[in-house]
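Reader: I have a model open and want to know what stands behind the terms used for it. Please take them one at a time.

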Amino acid sequence: MTRLTKKRIMAISGTTLCGCSVGILQDSALGLDPFSCFVTGIANIFGSSYGTFYLIVTSILLLVVIFLKRSYLGYTTLANLLLTGIIADYTLAFLNGFVKAPTYLIRIILLLSGLGLIFGATVGIGTLITAFFMGPMIQWFNNHVSEPLLR
C-alpha cells in the first residue's frame with residue numbers, strides 16, 4: 001500500500017471517527033468540544049443542523065486559510081469539510097432512534113464512548129475534557145500511531 005493510500009485511509013477514518021464522536025457527545029448532552037459547541041450554538045440560532053453550519057463555518061475558515069497559508073490545505077482538509085458535520089448529524093439521528101430519553105448513566109456512557117452554554121449549546125464535562133486533553137491525545141496518537149503507520 002502506498003503512502004498516499006495510507007494517508008487517505010487515515011483521513012477518512014479519522015474524519016468518520018471525529019463525526020461519530022461529535023454525534024455521541026451531542027446525544028450525551030454533557031457538553032461538546034469548544035469548536036463543536038460554537039457551531040452547534042450558531043446552528044441553534046438559525047434553527048438548522050450541526051452538519052449544515054459545520055460546512056458553512058469550516059468553508060469560511062477554508063477561505064481564510066487559502067489567503068493566508070495554502071500549504072496547510074490537502075486531501076484531509078476536504079474530507080473534514082465535507083464529511084464531519086454530515087456524519088455527526090447521522091450519528092445523532094441514529095442514536096436518537098435507539099435512546100429516546102437517556103438517563104444520566106447512559107449520558108455518561110455516551111460521553112465516555114465518544115471521546116454549549118454559548119447560543120444554547122451545552123457546556124459540560126465533555127467540553128472540559130476535550131478542551132484540556134484533546135491536544136495531548138492528538139500528539140500521542142501522532143507519535144505512536146500515525147507516524148509509525150506511515151513509515
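Author: Contact means heavy atoms within 4.5 Å. This is a predicted model, in which local features need pLDDT of at least 70 and side-chain atom pairs count only at pLDDT 80 or more, while totals for chains, interfaces and linings use all residues. Residues are numbered from 1 along each chain as its sequence is written, and side-chain values use heavy atoms, with hydrogens and water left out.

Reader: Which residues is tyrosine 54 in contact with, leaving aside its neighbours within four places in sequence?

Author: Tyrosine 54 is in contact with Phe35, Val39, Asn80, Leu81, Thr84 and Gly85.

Reader: Why is threonine 91 called buried?

Author: Buried means under 20% relative accessible area, exposed over 50%, and partly exposed in between (1.4 Å probe, protein chains only). Threonine 91 has a relative accessible area of 12%, so it is buried. Threonine 91 is in helix H4, residues 75-98; helices are DSSP runs of H or I with at least four residues, numbered from the N terminus. Beyond four places in sequence, threonine 91 is in contact with Gly19, Cys20, Gly23 and Ile24.

Reader: What makes up the largest nonpolar core?

Author: A nonpolar core is a set of buried Ala, Val, Leu, Ile, Met, Phe, Trp, Tyr and Cys residues joined through side-chain atoms within 4.5 Å. The largest has nine residues: Val22, Val39, Ile42, Ala43, Tyr50, Phe53, Tyr54, Val57 and Ala88. Helices H2 (34-46) and H3 (50-68) are the elements that give two or more residues to this core, and H3 has the largest share, four residues.
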